[in-house]
Each structure stands twice: as C-alpha cells, then as structure tokens.
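Here is a short report for someone meeting this structure for the first time. Keep the sequence and the 3D view at hand while reading.

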Amino acid sequence: MNLTLKIWRQKDANDKGKIVDYPMSDVSPDMSFLEMLDVLNQELIDKNEEPIAFDHDCREGICGMCSMYVNGRAHGPDSMVTVCQLHMRSFNDGDTIFIEPWRATAFPVIKDLIVDRSAFDRIQHAGGFISVNTSGNTQDANAIPIEKHNADMAFDAATCIGCGACVASCKNSSAMLFVSAKVSQFALLPQGQVEATDRVLNMVKQMDEEGFGNCTNTGACEVECPKGISLENIARMNREYLAASFKG
C-alpha cells in the first residue's frame with residue numbers, strides 16, 4: 001500500500017508543534033501499526049533525520065503505552081484494541097492517516113506522540129492499593145470466600161491498563177472511567193473494605209487536583225476503551241464516594 005502519514009511533531013512541551021507529512025510506499029497490510037512506524041523511523045534515520053518519538057513496550061495490548069490518536073480516534077479505527085494490535089489491513093491503499101498525541105491538560109506532550117501520563121500514577125498512589133501485613137501472618141486470598149458475580153466484576157475492572165484512552169475520548173478530558181475502575185476492583189472485594197473510605201476520597205481528590213474534567217455521562221470513554229471497561233464502574237464509584245463523604 002502507498003500511504004500519506006500526517007504526524008504531529010513537537011520537540012518538547014514548550015514547542016508549538018505542527019503536522020508533518022510523510023509519504024510511505026510498499027506498506028504491507030500484515031504490518032502492525034507500530035511496525036509501520038518503525039519502518040518510517042528507520043527511513044528517517046537513514047536520511048539523518050530525527051525519528052518520531054512514540055511510546056511502546058509490550059506490543060501485546062497489555063501495557064497501554066502505545067497511546068495515540070489515529071484518524072481522530074483513540075487507538076485507531078478498530079474496537080477493543082490498542083495501537084500495537086492495530087494492523088495496516090484496517091486501511092486502504094492511498095489513505096491519508098493522521099497520527100497525534102493525546103490532547104488533555106493533565107497529559108502534557110513530552111515529545112511528538114509521547115505524553116506525560118504520570119497523573120495516573122499519582123492517582124494510584126493516592127489510594128489505588130491494599131495495605132497488606134507481610135509479617136508472616138498473611139492469609140491466603142483463596143481462603144476468603146467471594147461471590148462469583150462480585151469476583152467477575154472486580155476482575156473486569158482490574159483489566160484497565162491505564163492507557164488514557166478514556167481521557168483522550170472524553171470531551172471534558174475526564175478520568176472518571178480510569179479512577180472508577182481502580183476503585184471498583186477493590187470495592188467489590190472484602191480485602192478492599194478496610195481502606196474503602198479513604199481510598200475513594202483520596203483518589204477523587206487527587207484526580208481533581210491533576211486537572212481532569214468532570215464526567216457528563218457522554219459514554220465515549222467506554223466506547224473507546226480497549227478493554228471495554230463499563231460505565232457501571234463510574235456509578236459504583238459515585239455511590240462509594242457518597243457513602244464515604246457521609247462517613248468522613
């Protein structure tokens with residue numbers, strides 16, 4: 001296939017940035033999207049030009065680092081996949097493809113297609129964990145009976161990879177789907193009840209401090225989430241937050 005790539009180039013957070021055109025030829029439909037970018041970068045390196053900076057790690061749809069807009073959609077035109085799982089057979093010969101970084105105040109651009117998503121880490125640090133006594137008296141998790149339905153819902157919430165597609169897709173740049181998934185995976189389990197009140201209050205507070213917008217139930221986050229995290233988690237977090245506010 002012959003393609004025209006329009007890629008956002010930005011030297012650093014202070015640079016204005018711009019779209020640069022890159023023609024590509026002989027692109028195999030069996031390439032993954034990131035492999036196609038690898039080929040382009042090798043061509044740029046061979047011409048002594050600056051390669052395009054983009055995040056990647058596992059390339060198996062697990063780490064969530066390959067976060068970018070492809071033709072205006074988070075992770076591209078396919079559903080329930082990350083960019084690394086997107087293949088060039090999703091495009092046609094002669095297509096023009098726009099590739100841009102996430103656009104959110106809380107996700108400032110570091111360089112080209114890489115954004116700083118450490119805001120998610122700080123929200124996690126505020127309460128997205130369970131404190132465990134590791135003094136030698138720990139109890140086997142399987143010894144605690146958990147209703148199958150709750151266990152399944154907790155597992156579904158825990159599949160969130162923190163890629164930020166929910167923020168990128170939301171017109172308000174809200175992180176509610178991400179935060180609610182991290183709250184829900186513990187709110188549904190007995191191990192998470194001890195710190196439940198502090199967890200939801202601290203994580204929501206940190207989310208607000210990071211500059212994410214409010215949720216207006218548009219639903220774009222669920223549609224574009226590569227793991228299909230449900231909006232039901234936002235409703236659960238709202239209930240947890242309301243109950244914690246009365247306790248606190």
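## Basis of the model

This is a predicted model: local features need pLDDT of at least 70, side-chain atom pairs count only at pLDDT 80 or more, and totals for chains, interfaces and linings use all residues. Numbering starts from 1 along each chain as its sequence is written, and side-chain values use heavy atoms, with hydrogens and water left out.

## Overall layout

The protein chain has eight helices and seven strands. These are DSSP runs, numbered from the N terminus: helices are H or I with at least four residues, strands are E with at least two. The C-alpha atoms fill a box of roughly 60 × 35 × 35 Å along the principal axes.

Of the 248 residues, 44% are buried. Buried means under 20% relative accessible area, exposed means over 50%, and partly exposed lies in between (1.4 Å probe, protein chains only). Contact means heavy atoms within 4.5 Å. Among contacts with a separation of 6 or more, 69% join residues 24 or more positions apart.

## Nonpolar cores

In soluble globular proteins, nonpolar side chains tend to be buried together. A nonpolar core here is a set of buried Ala, Val, Leu, Ile, Met, Phe, Trp, Tyr and Cys residues joined through side-chain atoms within 4.5 Å. The largest one has 36 residues, and Val179 and Phe212 touch the most other members. Helix 2, helix 4 (165–169), helix 5, helix 6 (196–209) and helix 8 (232–247) each give two or more residues to this core. Helix 5 gives the most, with six residues.

Phenylalanine 212 has contacts beyond four places in sequence that include Ala106, Phe107, Ile123, Val167 and Met207. Apart from this core lies another, of 27 residues, among them Trp8, Phe33, Leu44 and Phe91.

## Aromatic rings

There are six aromatic pairs. Rings of Phe, Tyr and Trp (its six-membered ring) pair if their centres lie within 6.5 Å; planes under 30 degrees apart count as stacked, over 60 as edge-to-face, and the rest as tilted. Tyrosine 69 and tryptophan 102 are edge-to-face, at 5.2 Å centre to centre with 75 degrees between the planes. The two are 33 residues apart: tyrosine 69 is in strand 3 (residues 69–70), and tryptophan 102 is in the loop between strand 5 (96–100) and strand 6 (109–111). Tyrosine 69 is buried at 10% relative accessible area. Tryptophan 102 is buried at 1%.

Phenylalanine 120 and phenylalanine 178 have ring centres 3.7 Å apart and planes at 5 degrees, so this pair is stacked. Phenylalanine 120 sits in helix 2 (residues 118–127) and phenylalanine 178 in helix 5, 58 residues apart. Ring pairs link Phe107, Phe120, Phe178 and Phe212 into a cluster.

## Salt bridges

The whole structure holds ten salt bridges. Each is a side-chain nitrogen of Lys or Arg within 4 Å of a carboxyl oxygen of Asp or Glu. Aspartate 38 pairs with arginine 59, with the closest N and O atoms 2.8 Å apart. Aspartate 38 is in helix 1, while arginine 59 is in the loop between helix 1 and strand 3.

Glutamate 224 meets arginine 73 at 3.1 Å, N to O. This bridge joins helix 7 (residues 220–224) to strand 4 (residues 73–74), across 151 residues. Glutamate 224 is buried at 15% relative accessibility, whereas arginine 73 is partly exposed at 27%. Arginine 122 and glutamate 210 form a salt bridge at 2.7 Å, N to O. Arginine 122 is in helix 2, and glutamate 210 is in the loop between helix 6 and helix 7.

## Two residues of helix 5

Lysine 182 lies in helix 5 (residues 176–187). Lysine 182 is buried yet has no salt bridge; the nearest side chain of opposite charge, aspartate 121, is 9.3 Å away. For charge, Lys and Arg count as positive and Asp and Glu as negative; His and the chain ends are not counted. Beyond four places in sequence, lysine 182 contacts Gln124, Cys160 and Met203.

Serine 180 is also placed in helix 5. Serine 180 is buried, with a relative accessible area of 0%. Leaving aside neighbours up to four places away, serine 180 touches Asn233, Ile234 and Met237.
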